[in-house]
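Work through the exercises below with the sequence and the model at hand. Try each task before reading its solution.

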Amino acid sequence: MNCINNLECFTWLMPCSFSCYSVILTTAMLSAWDDRSSPDSIVFTVTAHPKNGRLELVGAPGSRITTFTQVDLAAGRIKYSHDGNERQLSDAFEFEVCMYD
């Protein structure tokens, strides 16, 4: 396992606030890659969950996830869902990116 410092490129362009209550994460928002690794070996592990919502699989709404891959992002399988609190529309989460061979 190698973590982010060994990846060649990393992008984080997630919006700070949401005008709707859910958004599918895309590789335009969040992406990591390495010329030596396949996208399914690049794993994002959530180290601090969103406070006002959750990350979930599009196909399993309501269940918080703790890991996802670059392939999941590319396939549009990862979604942020807001908890509905209209006083707290912004949110954030922290993660670590590792490459598993």
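**Exercise 1.** State how many aromatic pairs the rule gives, then classify the pair of Phe44 and Phe68.

Solution. The model is a predicted one. The count comes to 3 aromatic pairs. Take Phe44 and Phe68: their ring centres are 5.1 Å apart and their planes meet at 5°. Planes under 30 degrees apart count as stacked, so this pair is stacked.

**Exercise 2.** Find which parts of the chain this pair ties together.

Solution. Start with the strands: Phe44 lies in E5, and Phe68 lies in E7. The pair therefore ties together parts that are 24 residues apart in sequence. E5 and E7 (residues 67–69) pair in the antiparallel sense over 3 bridges. Within E7, Phe68 is the bridge partner of Phe44.

**Exercise 3.** Decide whether Phe44 and Phe68 are buried or exposed.

Solution. The cut-off for buried is under 20% relative accessible area. Phe44 has 0% relative accessibility, so Phe44 counts as buried. Phe68 has a relative accessible area of 2%, so Phe68 is buried too.

**Exercise 4.** Classify the pair of Phe93 and Phe95, and name the cluster that holds these residues.

Solution. The centres of Phe93 and Phe95 are 5.6 Å apart, with 45° between the planes. That makes the pair tilted. Both Phe93 and Phe95 are buried. Together, Phe44, Phe68, Phe93 and Phe95 form one aromatic cluster.

**Exercise 5.** Work out how E5 joins E9.

Solution. E5 (residues 42–48) and E9 (residues 94–99) run antiparallel. They are joined by 6 bridges. Look at Val46: its bridge partner in E9 is Phe95.

Key
Residues numbered from 1 in each chain as written. Predicted model: local features only at pLDDT ≥ 70, side-chain atom pairs only at ≥ 80, totals over all residues. Heavy atoms only, no water. Pairing = 2+ DSSP bridges. Helix = DSSP H or I, 4+ residues; strand = E, 2+ residues; numbered from the N terminus. Phe/Tyr/Trp six-rings, centres within 6.5 Å; stacked < 30°, edge-to-face > 60°. Buried < 20%, exposed > 50% of the residue type's maximum accessible area, 1.4 Å probe, protein only.
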